[in-house]
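Subject: Structure handover

Hello,

Here is the structure for you to look at. My notes on what was found in it follow below.

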Amino acid sequence: MIAFIAWTPLHVMNIINTKVNFFSEEKSDLYIYGEFSSSKQLYGSIKKQKLFTNVFYIEPDKIGSKYTRILNLIINKNNFIDYKEQYSQ
């Protein structure tokens, strides 16, 4: 299982390209952080396509400060989603 994390629309485009061209057969989850405009609409569209095993939307108010976000990414701590999948990549 692979986890992809998107913070910007450019991340989303690159992730979809990577998924389709390099990991099309792999199970994968997509996490979209709602820090850009239209993130909620993009989340809904991607979820309907069923390209990813799961698509999660992270509410901006649950993320915390800039330093908390960076620290949580570094230590791989998930406080946002009650989902305990183990990722290989």
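This is a predicted model: local features need pLDDT of at least 70, side-chain atom pairs count only at pLDDT 80 or more; totals for chains, interfaces and linings use all residues.

Next, the sides of H1. Val12, Ile15 and Lys19 are the buried residues of this helix. They sit on the same side of H1, because the arc they cover around the axis is only 65°. Met13, Asn21 and Phe22, on the other side of H1, are exposed. What do the buried residues of H1 pack against? Their partners are strand E1 (2-6), strand E2 (28-33) and helix H2 (39-49).

After H2 comes Lys50, which has a positive phi, near 60°.

Now the charged side chains. Side chains of opposite charge can pair when their charged atoms come close. To count as a salt bridge here, a side-chain nitrogen of Lys or Arg must be within 4 Å of a carboxyl oxygen of Asp or Glu. By this rule there is one salt bridge in the model. It joins the side chains of Glu59 and Lys40, at 3.0 Å from N to O. Glu59 is in the loop between strand E3 (54-58) and H3, while Lys40 is in helix H2, so the pair ties together parts that are 19 residues apart in sequence. Are these two residues buried, partly exposed or exposed? Glu59 has a relative accessible area of 29%, so it is partly exposed. Lys40 is partly exposed too, with a relative accessible area of 43%.

Last, the surface. Ile70, Leu71, Ile74 and Ile75 form a nonpolar patch there, and together they have about 400 Å² of accessible area. One of them, Ile74, is in helix H3 (residues 66-74). Ile74 counts as exposed because its relative accessibility is 64%, and the cut-off for exposed is over 50%.

Regards

How values were computed. Residues are numbered from 1 along each chain as its sequence is written. Side-chain values use heavy atoms; hydrogens and water are left out. Patches are made of residues with over 30% relative accessible area and no salt bridge: like charges are joined within 9 Å, nonpolar side chains (Val, Leu, Ile, Met, Phe, Trp, Tyr) within 5 Å. Accessible areas come from the Shrake-Rupley method with a 1.4 Å probe; for residues, only the protein chains shown count as cover. Helices (H or I, at least four residues) and strands (E, at least two) are DSSP runs, numbered from the N terminus. Buried means under 20% relative accessible area, exposed over 50%, partly exposed in between (1.4 Å probe, protein chains only). The arc is that of the directions from the helix axis to the C-beta atoms. Contact means heavy atoms within 4.5 Å.
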